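Visitor: I'd like to go through this one with you piece by piece. Could you put it up, and then I'll start asking?

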Amino acid sequence: MIFRGWQKVSYIEYPGKIATVLFTGGCNFRCPYCHNPELVFLEESLPQIHGRDVLEFLKRRIGMIDAVCITGGEPLIHTPHLFPFLEQAKQMGFLIKIDTNASLDQPFHQISQAGLVDLWGIDFKLPFPLYKKVLGEKWHKNCQLVLDQALKKPDQVEIRTTIYPPFHDEKILLEMAEKCSSANRWYWQNFNPQKTLSDEAHTVSPYAPSLLSQWGDQINKQIQKDLIIIRPFF
Ligand code: SF4
């Protein structure tokens, strides 16, 4: 398994745990607001980090690091190589979190059924019929399937949405809340225009945090649940 980025220690990526964070390259989506375009386009300058070196590092840090978080890009496009890496990390006793855009249902089921993941970070980008906006129209049914499956175990999933003004308004967000209301939490991340995949997104202004808070409160009230948590820029 080749990773294309590595943050050796993170205190925020796995709730309440010390984690090491690995980034995979490549993605089957093209979200205009994507904050990691270098990973999506696999820029030449990215390092090549071998899974065996990561496992050596982990072996020496048993008891110091709790969790291994895999993010991207889209990690599940690498499942044939990622799977044995996860098995070895799990055998050493690490918790595992994988972030995914939820489009690859077979890899999701394969990894879930093998009990290799403790926490999934699932993107819920838009109401499913609008997935063409992230060039994900081919996969929107899979995304729905994966979200529904993941929500059967709400303690093992974080649902996340990047709030991007051309895509989201209060009505759309309410529609999405109704789809994911069985989650423990739905995390909203405000869009960050500093670095984006599309040039156009670079010129979009994010919503004011106060407006997002207001929408979050109103939607929570409508669905009668404290579902939405707003995270700062990521
Ligand atoms: S935001 Fe995620 S799913 Fe979208 S292009 Fe970037 S890495 Fe891919």
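Visitor: Which residues is I96 in contact with, once its neighbours within four places in sequence are left aside?
Guide: I96 is in contact with A67, V68, L86, A89, K90, L116, V117 and D118, where contact means that the C-beta atoms of two residues, placed from the backbone, lie within 7 Å. I96 is also, with V68 and I122, one of the residues with the most contacts inside the largest nonpolar core, which has 62 residues. Such a core is a set of buried Ala, Val, Leu, Ile, Met, Phe, Trp, Tyr and Cys residues joined through C-beta atoms within 7 Å, and a residue is called buried if 20 or more other C-beta atoms lie within 10 Å of its own, exposed if 12 or fewer, and partly exposed in between, with C-beta atoms placed from the backbone.

Visitor: Before I go on, what kind of model is this?
Guide: This is a predicted model, in which local features need pLDDT of at least 70 and side-chain atom pairs count only at pLDDT 80 or more, while totals for chains, interfaces and linings use all residues. Residues are numbered from 1 along each chain as its sequence is written.

Visitor: Do strand 2 and strand 3 pair in the parallel or the antiparallel sense?
Guide: Strand 2 and strand 3 pair in the antiparallel sense over four bridges, and the bridge partner of W6 in strand 3 is L22. Strand 3 and strand 5, by contrast, pair in the parallel sense over five bridges, where T20 has V68 as its partner in strand 5.

Visitor: How many residues of strand 3 are buried?
Guide: Five of its five residues are buried, and both faces are covered, with A19, V21 and F23 on one side and T20 and L22 on the other. As background, side chains in a regular strand alternate between the two faces of the sheet.

Visitor: Switching to backbone geometry: which residues does the cis peptide bond join?
Guide: The cis bond joins G72 and G73, with omega about 10°, and G73 lies in the loop between strand 5 (67–71) and helix 3 (79–91).

Visitor: What is phi of L42, and where does that residue lie?
Guide: Phi of L42 is near 50°, a positive value in a residue other than glycine, and L42 lies in the loop between helix 1 (37–40) and strand 4 (49–50). L42 counts as partly exposed because it has 13 C-beta neighbours inside 10 Å. Q224, in the loop between helix 7 (209–223) and strand 10, likewise has a positive phi, near 55°, and counts as exposed with 8 C-beta neighbours inside 10 Å.

Visitor: Last topic, the ligand: which residues come nearest?
Guide: Of the 13 residues around the ligand, C27, F29, C31, C34 and N101 come nearest, a residue being near if its C-beta atom, placed from the backbone, lies within 6 Å of the molecule. By class, the shell has seven nonpolar, four polar and two charged residues, with Ala, Val, Leu, Ile, Met, Phe, Trp, Tyr, Cys and Pro counted as nonpolar, Asp, Glu, Lys and Arg as charged, and the others, Gly among them, as polar.

Notes: Helices (H or I, at least four residues) and strands (E, at least two) are DSSP runs, numbered from the N terminus. Two strands pair if DSSP finds at least two bridges between them.
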